[in-house]
Amino acid sequence: MTHALNRRTFLKTASGLVIAPALGLDALSAHAAEACPNVVVGTWGGDYLNLLEQNIGKPIIEAAGGKVTYDSADQVGRMTKLRAEKASRRGSLDVACLADLDMYDINRSGILETVDAKLVPNLANTLEALRRPYSIPHIFSAMVIVYNPEKLGTKPDSFTAALDPKLKGKVGFSDILYNFNVVSSSLAAGHKDGDMAGGVQFLRELRKTQQPKVYPSNEAVASALKSGDIWFTCMWKARALQWKKAGVPIEYVVPKEGAVPVTFEAAVPKNSQSKPCGFNYLNAMLDPRAQIGFAETMGYAPTVKNANLPPSLQQSVGFTSAELDRMVKLDYARFTADKPALLDFWNKEFKVGL
């Protein structure tokens with residue numbers, strides 16, 4: 001299911017440590033704006049959509065004379081639309097935004113166009129380990145331990161700390177991250193080879209001894225941390241940064257057994273009504289200006305090597321060399337195949353009675 005990411009492959013520049021020459025997109029943007037005055041972007045609503053408009057739509061696309069129309073929906077709805085329109089000669093989306101696992105799944109259905117590097121020159125600046133032939137990596141983070149330092153006292157260095165007796169009744173999970181909760185537990189159990197049995201057994205023990213709590217959303221986990229209902233969880237680092245900024249009394253740490261990165265990606269469907277406009281938008285998503293904007297507001301690390309972050313921002317959203325050494329990467333094919341069984345375990349065994 002997972003394998004270690006070599007630092008040379010992943011690069012220390014995962015959060016803008018190295019400055020490379022920026023590739024201008026003014027000419028490409030102007031051409032695309034003239035050729036197609038509107039690009040339809042399928043995305044999440046809320047903050048993500050607002051930040052797309054703030055960091056990409058207005059300062060890059062509209063500034064060049066173009067226009068962006070947003071088709072907002074949850075991830076499942078967007079995937080359903082892409083599949084339903086597969087046979088249509090003219091799809092309704094020029095760009096589709098999805099998390100890495102779901103983008104992989106959609107690509108397996110033959111829906112996505114291969115990224116045209118000539119139309120996405122900023123692709124050359126992306127981290128090689130995050131590239132896919134069918135999508136561009138927009139922003140990324142990783143699963144970390146999130147904890148209340150006042151309650152724990154000692155900084156945990158492993159997710160195995162969840163089994164500490166003093167955390168009985170104080171460990172919480174986000175329901176929607178069920179599969180990543182199992183992955184984190186598998187890593188804590190010493191399994192990096194794709195064997196999910198170790199994670200399942202770890203969670204069985206945790207359930208038996210710790211009386212953990214399961215919350216319906218990431219936001220509900222944040223509320224539980226703020227109220228003191230829980231003191232310990234696993235969550236995306238970017239989320240933890242947002243929560244801490246909002247006053248939730250937490251700290252975070254990359255566990256010594258490793259962390260799984262998550263990448264939010266964008267792609268152009270094969271039946272896009274304007275593929276040049278779609279690829280132009282993908283290129284704008286990789287513009288250093290846009291990447292810095294997302295790092296400042298959402299806490300996600302840039303995926304390009306030429307996003308010159310201020311030192312304090314790089315320190316908060318980025319990862320050290322040692323942390324990058326401990327990053328693991330999902331085997332998407334195996335993990336996707338395992339998801340039904342993991343969901344079955346989570347719903348029918350782990351959550352029951354909690």
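**Entry 1. Helix α9 and its packing**

I looked up what the buried residues of α9 pack against in this predicted model. Their partners are the strands β5 (136-147), β6 (172-174), β7 (213-215) and β8 (232-236), together with helix α10 (237-245).

I then listed the buried residues themselves. In α9, which spans residues 218-227, they are Asn218, Val221, Ala222, Ala224 and Leu225. Around the helix axis they cover an arc of only 160°, which places them on the same side of α9. I noted the background for such a pattern: an α-helix has 3.6 residues a turn, so residues three or four places apart point the same way. Lys226 and Ser227 lie on the other side of α9 and are exposed.

I also checked what comes after the helix. Gly228 follows α9 and has a positive phi, near 90°.

**Entry 2. Gln211**

Which residue has a positive phi although it is not a glycine? I found Gln211, with a phi of about 50°. For context, most residues other than glycine have a negative phi. I located Gln211 in the loop between α8 (197-210) and β7.

I asked how many residues of α11 are buried. The count is nine of eleven, so α11 is largely enclosed by the rest of the structure. The buried residues are Cys277, Gly278, Phe279, Asn280, Tyr281, Leu282, Asn283, Ala284 and Met285.

I next examined the packing of α11 (residues 275-285) with α3 (residues 46-61). Their axes are 10 Å apart and the angle is about 105°. Angles of 65 to 115 degrees count as roughly perpendicular, and α3 and α11 are therefore described in that way. From α3, the contact involves Tyr48, Leu52, Ile56, Ile60 and Ile61. From α11, Asn280, Tyr281, Ala284 and Met285 take part. I sorted this contact of α3 with α11 by class and recorded eight nonpolar residues, one polar residue and no charged residues.

**Entry 3. Helices α7 and α15**

The axes of α7 (residues 178-188) and α15 (residues 332-350) come within 9 Å and cross at roughly 95°. These two helices are therefore also roughly perpendicular to each other. On the α7 side I listed Tyr178, Asn179, Phe180, Asn181, Val182 and Val183. They meet Phe335, Lys339, Leu342, Leu343 and Trp346 in α15. By class, the contact of α7 with α15 has eight nonpolar, two polar and one charged residues.

**Entry 4. Cysteines**

How many disulfides does the structure hold? I found zero. I looked up the burial of two cysteines as well. Cys97 has a relative accessible area of 0% and is buried. Cys234 has a relative accessibility of 2% and likewise counts as buried.

**Entry 5. The chain as a whole**

The chain has 15 helices and twelve strands. Of its 354 residues, 55% count as buried. I also looked up contacts between residues at least 6 apart in sequence, and 79% of these join residues at least 24 apart.

Definitions and conventions:
Residues are numbered from 1 along each chain as its sequence is written. This is a predicted model: local features need pLDDT of at least 70, side-chain atom pairs count only at pLDDT 80 or more; totals for chains, interfaces and linings use all residues. Side-chain values use heavy atoms; hydrogens and water are left out. Axes are lines fitted to C-alpha atoms, for helices over the stretch in contact, and angles run from 0 to 180 degrees between N-to-C directions. Helices (H or I, at least four residues) and strands (E, at least two) are DSSP runs, numbered from the N terminus. Angles under 35 degrees count as roughly parallel, over 145 as roughly antiparallel, 65 to 115 as roughly perpendicular and the rest as oblique. Contact means heavy atoms within 4.5 Å. Ala, Val, Leu, Ile, Met, Phe, Trp, Tyr, Cys and Pro count as nonpolar, Asp, Glu, Lys and Arg as charged, and the others, Gly among them, as polar. A disulfide is a pair of cysteine sulfur atoms within 2.5 Å. Buried means under 20% relative accessible area, exposed over 50%, partly exposed in between (1.4 Å probe, protein chains only). The arc is that of the directions from the helix axis to the C-beta atoms.
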